[in-house]
Amino acid sequence: MKFDRNTSIQSLSQTEHWDIAIIGGGATGLGIAVDAASRGFKTILLEKYDFAKATSSRSTKLVHGGVRYLANGDVKLVFSALRERGLIFKNAPHVARTQSFIIPCYSFFSRVKYLVGLKLYDWMAGSLRIGKSISLNKAEVIDRLPTVKKSKLQGGIQYYDGQFDDARLALNLGQTAAEHGATVLNYADVTQIHKDQMGKVSGLTFIDQETGISHQIKARAIINATGIFVDDILKMEEPKHKNLVRPSQGTHIVIDKKFLGNTDALMIPETSDGRVLFGVPWHDHVLLGTTDTPLDLHQIEPRPLEEEIKFILDTAHAYMETAPSRADVLSVFAGLRPLAAPQDNDTNSTKEISRDHKLISNASGLVTITGGKWTTYRKMAEQTVDLAIKIANLPAEPCVTTDLRIHGYVHNQEQGHWKFYGSDVEGIRELAARIPALAAPLHSKFAHIGAEVVWAVEHEMARTVEDVLARRMRILFLDARASLEMAPTVAKLMAETLHQDQQWIDNQLLAYEQLTLNYILK
């Protein structure tokens, strides 16, 4: 199956009955599509917005076991995540890499405590360990983190974890699923779940949001993998359903790389409210975050709260000699994690809630997966498909994703942003060589060129300016104002490729300008 929206729409009339229908195109849903399709099941995935539009493109960009979870005693999750981290490095080396982290320590006791804990972290990774934790003296910490606060600094710990591009991996999962025969659609809004005479799920209705056309499909298994929106789907199927999840907001700010001054990441293990904060080099910038703020409502475009922004900046000020101010923030963004909904006697604290996933099925046979973390997407998918097989009485085909290479797989990595394209980079360069105008840079601050826009439309199912600038490239998350300056050129190139008119361009630019207001600090 070609990773092309028109091809996917056409495949609907060619398939009378699907084995597995997946609602949700984030990390979990796309992982399930890869697992199901690679087992040979006739698979369809439907995403209401763009792939990874919500939580899955707004992470801290870490492929990790979770040092914080280890401190909280969630050993099972850490063991599983460390193994899955190793599999991401093995199967998708183009989007994941080893990242060195430095924990600055301001007492002898903290140096000992964190070294012991991280040695345990190394040991738990077993043969998939990606580095060795060591103790650093004061001079070594300052050499690696030139901007760290030096007063009372005793030394530090260096450890290794993984870093990745979340939206690019999500896209590559969709492409991998399509390569194994899955039909994958963005901008497909599921509006109804159908049941047979026995009260079992039998299919669904969705609306193509580009044309407004309604489509009905039949499916033996339906999987709800909509993250923070799982309760919306469950209420569609059972109006009296009680919420499974409550969103917790994580906010990040992006600043110039000069504020860290090197290639090492900063890890602050105990902030003023007892959580963890990271300063991570990412796409030649620095990402600072995250927060953990419980909310009562979920939305597709969450807004960072003022108190979250202040918390991040204040924490950075406590650990950096030259700390960023509001004026230094190039972009700010928030994502919502689907955590377990509190019971009547729960507080607003999210620190002790496990980030492990929850997999359930109800009386109608609807399978729902929620929670978890990006790193464990593959294992979550395996368990979900196993349950769908059991409930829908599908053939017991084994999971093959442990050794399945993800689209773009390549070991000989390029430099800069090109490395995240993996094996697709040659196709983009050939396009630029064939049409020299597409070799022109889109902005003076970035190395992206026009050919990437055309490639995103033709090969990555990008449908809007936001799709390109937020998730095919990551400019909205790196420098929101620069992305706004790039938007007219991107819109024009997209319109030419999609055969759209000036009205489409005007509408896209207006929508994108409104969107960027959420990412720019005043």
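Student: Where is the place of Lys358?

Tutor: In this predicted model, the place of Lys358 is in strand β17, which covers residues 357–361.

Student: And is Lys358 buried or partly exposed, and why?

Tutor: Lys358 counts as partly exposed because its relative accessible area is 44%, and that class lies between the 20% limit for buried and the 50% limit for exposed.

Student: Which residues is Lys358 in contact with?

Tutor: If we leave aside the neighbours within four places in sequence, Lys358 is in contact with Leu244, Thr368, Ile369 and Thr370.

Student: How many residues apart are Lys358 and Thr401, and how far apart in space?

Tutor: In sequence, Lys358 and Thr401 are 43 residues apart, while in space they are 20 Å apart, taken from C-alpha to C-alpha.

Student: Let's move on to cavities. How many of 30 Å³ or more does a search of the whole structure find?

Tutor: The search finds five cavities of 30 Å³ or more, and the largest cavity holds about 110 Å³ of space.

Student: What about the second largest cavity, which residues line it?

Tutor: The second largest cavity holds about 80 Å³ of space, and the residues that line it are Asp165, Arg168, His283, His417, Phe420, Tyr421, His448, Arg472, Met473 and Arg474. This lining has three nonpolar, three polar and four charged residues.

Student: Pick out His417 for me. Where is its place, and is it buried or exposed?

Tutor: His417 sits in the loop between α10 and α11, the latter being residues 425–434, and His417 is buried because its relative accessible area, 11%, is under the 20% limit.

Student: What does His417 touch?

Tutor: Not counting residues up to four places away in sequence, His417 touches His283, Ala447, His448 and Glu452. With Glu452 there is also a polar contact from side chain to side chain, at 3.1 Å. His283 and His448 are also among the residues that line the second largest cavity.

Student: Switching to pockets, how about the second largest pocket? What is closest to its centre?

Tutor: The second largest pocket has about 700 Å³ of space, and of the 28 residues that line it, Lys257, Trp282, His283, Asp284 and His285 are the closest to the centre. At least two lining residues each come from β4 (96–105), β13 (277–282), β14 (285–289) and β20 (446–449), with β4 giving the most, four residues.

Student: How does that pocket's lining divide by class?

Tutor: The lining of the second largest pocket has eight nonpolar, twelve polar and eight charged residues.

Student: Last topic, cysteines. How many disulfides does the structure hold?

Tutor: The structure holds zero disulfides.

Student: And are Cys105 and Cys399 buried or exposed, or partly exposed?

Tutor: Cys105 counts as buried because its relative accessibility is 1%, whereas Cys399, at 23% relative accessibility, counts as partly exposed.

Technical notes: Residues are numbered from 1 along each chain as its sequence is written. This is a predicted model: local features need pLDDT of at least 70, side-chain atom pairs count only at pLDDT 80 or more; totals for chains, interfaces and linings use all residues. Side-chain values use heavy atoms; hydrogens and water are left out. A disulfide is a pair of cysteine sulfur atoms within 2.5 Å. Buried means under 20% relative accessible area, exposed over 50%, partly exposed in between (1.4 Å probe, protein chains only). On a 1 Å grid over the protein atoms alone, a cavity is a set of points where a 1.4 Å probe fits but cannot get out, and a pocket is an open set with protein on both sides within 12 Å along at least five of seven lines; lining residues have an atom within 4 Å of a point. Grid points are joined across faces, edges and corners, and a volume is the space filled by probe spheres set on the points. Ala, Val, Leu, Ile, Met, Phe, Trp, Tyr, Cys and Pro count as nonpolar, Asp, Glu, Lys and Arg as charged, and the others, Gly among them, as polar. A polar contact is a pair of N or O atoms within 3.5 Å; within protein, one must be able to donate a hydrogen and the other to accept it, and residues adjacent in sequence count only if both atoms are side-chain atoms. Contact means heavy atoms within 4.5 Å.
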